[in-house]
Amino acid sequence: MELNTNNQLTLLMDLLDEHHSDCCGSVSEYQQITRLVKSLMQNNSIPDQQLHTLLPEIYHYGKNGESSRDIEAHITANNKQLAAWIDAIQQTNLS
C-alpha cells in the first residue's frame, strides 16, 4: 500500500515528535525518516513552501542519525530544529 502525501507527513511528524519528546530513536526510524522525506521531495507534492524548503534539512537529520554513534546526543543537538520541523508540518493543511 502506498502512502499519500498527508499520510507521509503525518508519519514523519509522528517520528520527529517521538524523537523530540522522548529524546530517543533507532536506526530504522532514521531510515524511515529519510525514505519519507526523499519520497516527498521527489513527488514535489508539498504545497507549503516553508515546509518544502525544510525537507532537505530533515533529510540530513535522518541521514546523520543513521550513522550516529550516539543517537541521544544527535537528537539533543537537533532539539530546536525538531520543534521547528514539527511546527511546520502541523501548519501544513493535513486534510
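At what angle do helix 1 and helix 5 pack, and how far apart are their axes? Here are some notes on that and a few other features.

1. **Before you start.** This is a predicted model, in which local features need pLDDT of at least 70 and side-chain atom pairs count only at pLDDT 80 or more, while totals for chains, interfaces and linings use all residues. Residues are numbered from 1 along each chain as its sequence is written, and side-chain values use heavy atoms, with hydrogens and water left out.

2. **Helix 1 with helix 5.** To take up the opening question, these two helices pack at an angle of about 150 degrees, with their axes 9 Å apart. Helices here are DSSP runs of H or I with at least four residues (strands are runs of E with at least two), numbered from the N terminus. The axes are lines fitted to C-alpha atoms, for helices over the stretch in contact, and the angles run from 0 to 180 degrees between N-to-C directions. Helix 1 and helix 5 are therefore roughly antiparallel to each other; the cut-offs are under 35 degrees for roughly parallel, over 145 for roughly antiparallel, 65 to 115 for roughly perpendicular, and oblique for the rest. Their crossing is left-handed, a term used if the near helix is turned anticlockwise from the far one by less than a right angle (right-handed if clockwise).

3. **Who meets whom there.** On the helix 1 side you will find L9, L12, M13, L16, D17, H19 and H20, and they meet N79, L82, A83, W85, I86, I89 and Q90 in helix 5. Contact means heavy atoms within 4.5 Å. By class, the contact of helix 1 with helix 5 has nine nonpolar residues, four polar and one charged. For this sorting, Ala, Val, Leu, Ile, Met, Phe, Trp, Tyr, Cys and Pro count as nonpolar, Asp, Glu, Lys and Arg as charged, and the others, Gly among them, as polar.

4. **Helix 1 with helix 3.** Helix 1 covers residues 5-22 and helix 3 covers residues 49-66; they pack at about 50 degrees, with axes 13 Å apart. Helix 1 and helix 3 are therefore oblique to each other, and their crossing is left-handed. L9, L12, L16 and H19 of helix 1 make the contact with L51, I58 and Y61 of helix 3. In this contact of helix 1 with helix 3, six residues are nonpolar, one is polar and none is charged.

5. **Helix 3 with helix 5.** How do these two lie to each other, and at what angle? Helix 3 and helix 5 pack at about 140 degrees, with their axes 10 Å apart. That angle makes helix 3 oblique to helix 5, and the crossing is left-handed. Q50, L51, L54, E57, I58 and Y61 come from helix 3, with L82, W85, A88 and I89 from helix 5. The classes in the contact of helix 3 with helix 5 are eight nonpolar, one polar and one charged.

6. **A salt bridge.** The count for the model is one salt bridge, defined as a side-chain nitrogen of Lys or Arg within 4 Å of a carboxyl oxygen of Asp or Glu. The partners are K63 and E66, at 4.0 Å from N to O. Both lie in helix 3, three residues apart, about one turn of the helix. K63 is partly exposed at 38% relative accessible area, and E66 is partly exposed at 22%. The cut-offs are under 20% for buried, over 50% for exposed and in between for partly exposed (1.4 Å probe, protein chains only).

7. Is Q8 buried or exposed? Q8, in helix 1, is buried, with a relative accessible area of 7%. Leaving aside residues up to four places away in sequence, Q8 touches L3, L36, S39, L40 and N43. Q49, in helix 3, is exposed at 53%; Q49 and T92 are 43 residues apart in sequence and 9.7 Å apart in space, C-alpha to C-alpha. Q81 belongs to helix 5, residues 79-91, and counts as partly exposed at 32% relative accessibility.

8. **A backbone angle to look at.** C23 has a phi near 55 degrees, a positive value in a residue other than glycine. For context, most residues other than glycine have a negative phi. C23 is found in the loop between helix 1 and helix 2 (27-43), and at 23% relative accessibility C23 counts as partly exposed.
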